[in-house]
Amino acid sequence: MKNKKIVFLSLLLLFGSLQPIFADAEDQESIELNAKIEIEKVSRNIINALRYGRFVLADTEWKKIQSDVYKTFAEYDYLNGSLLYSRMEWQEAKESLNRTLKKEPNHEAASFLLGMIYAQEDSWSEAKETWIETNQISPYNPFYHYNLGLAYFILKDYPNAITSLNKSLEYKANYNEAKLILAKTYLELNQVDKAKIELSSILEQDPKHIQASHLMGRVIYLMDKDPKKSLTYLKNPRALGWREKKVYARCYFEMRKWREAENLLRPIAYSPFADEYDQSFYLNLLLNLGFDERANDFFHFIQKQSQNESKIAEAYRMLLSSREGKDLLYHYFKLRY
C-alpha cells in the first residue's frame, strides 16, 4: 500500500513538472498560428496597395510584421521582395524572392515577380526560364502565359511565342494584348493573313486601339500596296515602332509627302541597324526635299560608319525590343518612380 502511494505521488509530481512544457508548447503554437493569420491579412493589404500605387500604405503595413516570429514565413520574404521591386531595387528584390522560393518552391507569385525583375534588367532569357517554371506551378493563368509568350517573341523564338500566346487566349479569349503580340509574331514570320485576323478581332472590340491600328496599316500596305488606305490607320506617329516607321515613311513617300516621310525615317536612317535600302531611301528623300547639304552630310556619315557594327546593331535592336516589351508586359505591381 505504501509503495502504491509513492508511485502515485511520483506520477503527480511528473505531471506537474510537464504542465509548463505543455503550456509552453501550446503558447508557441498559438503564437505561430496568430502570426500566420496576421501575415496573411497584412499580405493582402500590401499586395492591394502595391497594385494601386498606394506606397505609403504598403510601407505602413510592412512595419506591422517586423518581429522575428514573422520572418520565418516564406510570405515575409515575398512581401519584402515586392516592396523592393516597387522601388526598383532589383538585386535586393531578387535575393528576397529567391529566399521565398527556397522556403516554398511552389510560390507562384514570387516566381512570376522574379521573372519580371529579369525582364526589367533586359535579361529576357532568364525571364523566359523563370516564367516557364511559373507556368508549371500555375498552368491556367493567362497572364503568366502571355508574359512568357512576349519573352519568346523578344527572343525571336516565334513558334514557342505562338504556343504560349494561344495558351493565354485559351484561358482568356478576348485578351487583346495577347492577340497583339500574336499578330506581331505572324508579321515576323511573314504570315500576313493570320496577323490581319488577329488585328481585325482587336479593332472590332476596340476601334481606338492605337497599336493594333498601326499594325493594321502595315498589314494593309503589305497586302494591298495601298499607301492612302494604310495611312488612315496612322493615329500617333510618336507611338510607332521602328518597323512601322519604315512602312509609313514609304506610304508618305508614295503620296509625295516627303517631309512627313523624312521625319519618320530619320531616326531609322541614323541608327546602327539601318540597311542599305533605308540609307539610300533616306538620301533620296533629302534630295527630293532640296536638302542638298544635309544629303551630303548624311552621305559622309554613311561612309564613316564602321563595317563591323553588326554586334552593335543587334544589341541596339534588342534594347529597342526590350523597351517595347517592358511596356507590353502584364504588370501586377506599379513602380514608385
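Helices are DSSP runs of H or I of at least four residues, numbered from the N terminus. The legends below describe close-up views of a predicted model.

**View 1. The largest cavity and its lining.** α7 (142-154) and α17 (310-328) each contribute at least two residues to the lining of the largest cavity. The largest share, four residues, is supplied by α17. The volume of this cavity is about 90 Å³, and the structure holds one cavity of 30 Å³ or more. Among the lining residues are F153, Y158, R243, E314 and M318. Sorted by class, the lining comprises four nonpolar, one polar and four charged residues.

**View 2. Aromatic pairs that involve helix α15.** The whole structure contains 18 aromatic pairs. One of them joins F253 and F281, which count as edge-to-face because their ring centres are 5.1 Å apart and their planes stand at 85 degrees. F253 belongs to α13 (residues 242-254) and F281 to α15 (residues 276-288), so this pair ties together parts 28 residues apart in sequence. F281 is buried, at 5% relative accessible area. Y282 and F298 form an edge-to-face pair, with 4.9 Å from centre to centre and 80 degrees between the planes. Y282 lies in α15 and F298 in α16 (residues 292-304), so the pair ties together parts 16 residues apart in sequence. Y282 and F298 are both buried.

**View 3. An aromatic cluster and charges over rings.** F112, W131, F143, Y144, Y146, Y175 and Y330 are linked into a cluster by ring pairs. K172 lies over the face of Y175, at 5.6 Å from the ring centre. Elsewhere, the charged end of K225 sits over the ring of Y221, 5.5 Å from its centre.

Conventions: Residues numbered from 1 in each chain as written. Predicted model: local features only at pLDDT ≥ 70, side-chain atom pairs only at ≥ 80, totals over all residues. Heavy atoms only, no water. 1 Å grid on protein atoms, 1.4 Å probe; cavity = no way out; pocket = protein on both sides within 12 Å on 5 of 7 lines; lining within 4 Å. Points joined across faces, edges and corners; volume = space filled by probe spheres on them. Nonpolar A, V, L, I, M, F, W, Y, C, P; charged D, E, K, R; others polar. Phe/Tyr/Trp six-rings, centres within 6.5 Å; stacked < 30°, edge-to-face > 60°. Buried < 20%, exposed > 50% of the residue type's maximum accessible area, 1.4 Å probe, protein only. Lys NZ or Arg CZ within 6 Å of the ring centre and 35° of its normal.
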